[in-house]
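Grab a pencil and work through these exercises with the viewer open. Each one has a task and then a solution in steps.

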Amino acid sequence: MLSQSSPFVRDRFTWLAYLMLAYFAYLQTSLGPLMPFLRAELDLNYTSAGLHFSAFALGMILAGLTADRFVRRWGRRLVFWGGGAGMAVSALCLGLSRLAALTIASAFLMGWLGANLVVVIQATLSDRHCEQRAVALTESNLAASLSAGLVPLFIGGFQRLGVGWRGALVLAVLVLALIAARFLGVEVPEARRPSTRPGSIGQTLPVSFWAYWIVLFLVVSVEWCLVFWGADFLENTVGLSKVSAVSVMSMFFLAMVMGRYTGSHLTRVMPSTSLLLIALGISLVGFPIFWLAPLAPVNLAGLFIAGFGVANLFPLTMATAVGVASQQSDVASARVSLGAGLAIFIAPLVLGWTADRLTIRN
């Protein structure tokens, strides 16, 4: 349990980190809700659409292997702001491109540059809040969920208004400009000690870290298959219209917001491992209802329950994994990105490939 003698303090960098993780989550999540429209415009099948998700994940994998080295060479501040700006440019390229090869390449750059930003956020929050890192990381993921929950509403709303789904990407870039105008002068604290010796790639991380890394790989696979393919499932299996399917995915993100809000309070009084088991149990109840129910309202109820459980799987696992390697936070955070990237690369692509052959429900 956390010590109650040291209150949790949110300084200016902590607030900046929350905003920037929300910005990253918004653009990362946008790939799922915009995909039905992009598929229609470019005449993509499930496998081709899944390549966008896999390209994003490949970028995360690359960042997971190299971000700690970039931090050692150029410092956290440059990697932080460079990653944020680069992700914005890549998102605009995705919206402007009219060839699948270019949209896939844009997704790769979004994943690579954005994940560098996230590695710095996770490592710096972990260093700054030490034994209360679970609170900081859960709260930051709460901010990410709030932002992600707006994506289906903005994409569906802009589409209904005639602006088009690309307006949601432009909005993210404008928000980043506002964040930079307000917080560019805030210090991004550097690591207090070297994360690892030069040239090593994770050899010094403890075995317990890699055990949690495997768990993290599995829970990210669950979360992002729901994120990426939930709207398509609701359209093609449950029977909702394309715009309605995209819009009601906000229920999933609302559930994640509620779950992470609850988790951010419970992390102050309960061990992360106990909360992780509870979250897994809730997820195991909700997903079969979403997957197998014969009526749309019941499917949506299952989606909500699953989202509430899934919400805390990643932040709790990440906080525990980084905590067991707290003296190597940059390296540990980078390898967390590697695990998440591998999960996002493998699971949605396999699901898309299978859906082309067996339908998305099967």
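**Exercise 1: a surface patch**

Leu92, Leu96, Val170 and Leu174 make up a nonpolar patch on the surface, with about 370 Å² of accessible area together. Your task: find which elements give two or more residues to the nonpolar patch.

*Solution.* Start with the ground rules. This is a predicted model, where local features need pLDDT of at least 70 and side-chain atom pairs count only at pLDDT 80 or more, while totals for chains, interfaces and linings use all residues. Residues are numbered from 1 along each chain as its sequence is written, and side-chain values use heavy atoms, with hydrogens and water left out.

Next, the patch rule: members have over 30% relative accessible area and no salt bridge, and nonpolar side chains (Val, Leu, Ile, Met, Phe, Trp, Tyr) are joined within 5 Å, like charges within 9 Å. Areas are Shrake-Rupley values with a 1.4 Å probe, and for residues only the protein chains shown count as cover. The elements you want are helix H3 (76-96) and helix H6 (166-183); helices here are DSSP runs (H or I, at least four residues), numbered from the N terminus.

Finally, check one member. Val170 sits in helix H6, and its 39% relative accessibility makes it partly exposed (buried is under 20%, exposed over 50%, partly exposed in between; 1.4 Å probe, protein chains only).

**Exercise 2: following helix H2**

Walk along helix H2 (residues 46-74) and say where it bends.

*Solution.* Begin at the N-terminal end, which Asn45 caps: a side-chain oxygen lies 2.7 Å from the backbone nitrogen of Ser48. Further along, H2 bends by about 50° at Thr66, the angle being taken between axes fitted to the seven residues ending there and the seven starting there. Just past H2, Gly75 has a positive phi of about 90°.

Methods
Expected span 1.5 Å × (residues − 1). Polar contact = N/O pair within 3.5 Å; in protein donor to acceptor, adjacent residues only side chain to side chain. Salt bridge = Lys/Arg side-chain N within 4 Å of Asp/Glu carboxyl O.
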